[in-house]
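Dear colleague,

I am handing over the structure that follows, together with notes on what was found in it. Please read them alongside the coordinates.

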Amino acid sequence: MLRIKLYNFGKIKNSSLRELEDYYLKLSKKYLQIEIVELKDVKKGKIVLDDIKKQFDSGFTIILSEEGKEFTTKEFVKEIRDWKLESREVRIFVGNAFGFEEEVKTKSDLVFSLSKLTLPHEFVRVLLLEQLFRVGDILAGGKYHK
């Protein structure tokens with residue numbers, strides 16, 4: 001089973017979003033081994049490499065950013081399938097309101113965008129978990145994705 005660590009800065013404060021996060025996390029765990037790690041929020045601006053250096057050291061590292069590569073659902077399924085075949089742990093970093101310094105992006109394995117729109121980082125967590133559930137269900141031959 002593919003291991004994914006989802007790193008976030010700060011907690012979800014909105015109870016409705018927290019419920020959705022819990023819901024999609026539970027569904028996703030049928031197909032993927034997902035661990036959510038909440039890091040201390042960086043309030044001084046963009047996240048720099050020193051802020052995440054010890055979490056950045058191994059695995060396939062993904063930075064979420066509106067400037068990143070976008071995938072269709074089918075393309076994302078292929079990416080997840082490839083990571084699963086390579087037995088690589090995937091580390092996904094969801095930034096704070098300021099995003100990541102350029103050095104963090106250049107040292108990552110992939111800069112990934114869920115949308116060109118600027119989205120609240122709390123909402124991104126829920127959206128990402130829904131997409132991970134969708135991909136897992138597709139790979140398992142489920143019927144969630146229509």
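Leaving aside its neighbours within four places in sequence, Trp83 is in contact with Leu2, Phe60, Ile62, Phe76, Arg88, Val90 and Leu110, where contact means heavy atoms within 4.5 Å. Before going further, please note that this is a predicted model, in which local features need pLDDT of at least 70 and side-chain atom pairs count only at pLDDT 80 or more, while totals for chains, interfaces and linings use all residues. Residues are numbered from 1 along each chain as its sequence is written, and side-chain values use heavy atoms, with hydrogens and water left out.

Trp83 also has a place in the largest nonpolar core, which has 31 residues and in which Trp83 and Leu132 touch the most other members. A nonpolar core is here a set of buried Ala, Val, Leu, Ile, Met, Phe, Trp, Tyr and Cys residues joined through side-chain atoms within 4.5 Å; buried means under 20% relative accessible area, exposed over 50%, and partly exposed in between, with a 1.4 Å probe and protein chains only. At least two residues of this core come from each of β1 (3-9), α1 (15-28), β3, α3 (73-85), β4 (90-94), β5 and α5 (121-139), and α5 supplies the largest share, 7 residues. The elements are DSSP runs numbered from the N terminus, helices being H or I with at least four residues and strands E with at least two. A second, separate core has 13 residues, among them Tyr7, Val42, Leu49 and Ile63.

Turning to the sheet, 5 strands form an open arrangement in the order β2-β1-β4-β3-β5, with parallel pairing; two strands pair if DSSP finds at least two bridges between them. Because β2 (33-39) and β5 (110-112) stand at the edges with a single partner strand each, one side of each is left without a neighbour in the sheet. Neighbouring strands are turned by 30 degrees against each other on average, direction ignored, with axes taken as lines fitted to C-alpha atoms and angles running from 0 to 180 degrees between N-to-C directions. Strand β3 (residues 60-69) is joined to β5 by 4 bridges, and Lys69 has Phe112 in β5 as its bridge partner.

The largest pocket holds about 420 Å³ of space. On a 1 Å grid over the protein atoms alone, a pocket is an open set of points where a 1.4 Å probe fits, with protein on both sides within 12 Å along at least five of seven lines, and lining residues have an atom within 4 Å of a point. Of its 23 lining residues, Leu64, Ser65, Glu66, Asn96 and Leu119 are the closest to the centre, and β3 gives the most to the lining, with 4 residues.

Arg134 is buried, with a relative accessible area of 17%, and Glu130 counts as buried at 10% relative accessibility. Not counting residues up to four places away in sequence, Arg134 is in contact with Thr73, Tyr144 and His145, whereas Glu130 touches Tyr24 and Tyr144.

Finally, Leu114 lies in the loop between β5 and α5 and counts as partly exposed, at 25% relative accessibility. Leaving aside neighbours within four places in sequence, Leu114 is in contact with Leu64, Glu70, Val124, Leu127 and Leu128.

With best regards

Notes: Grid points are joined across faces, edges and corners, and a volume is the space filled by probe spheres set on the points.
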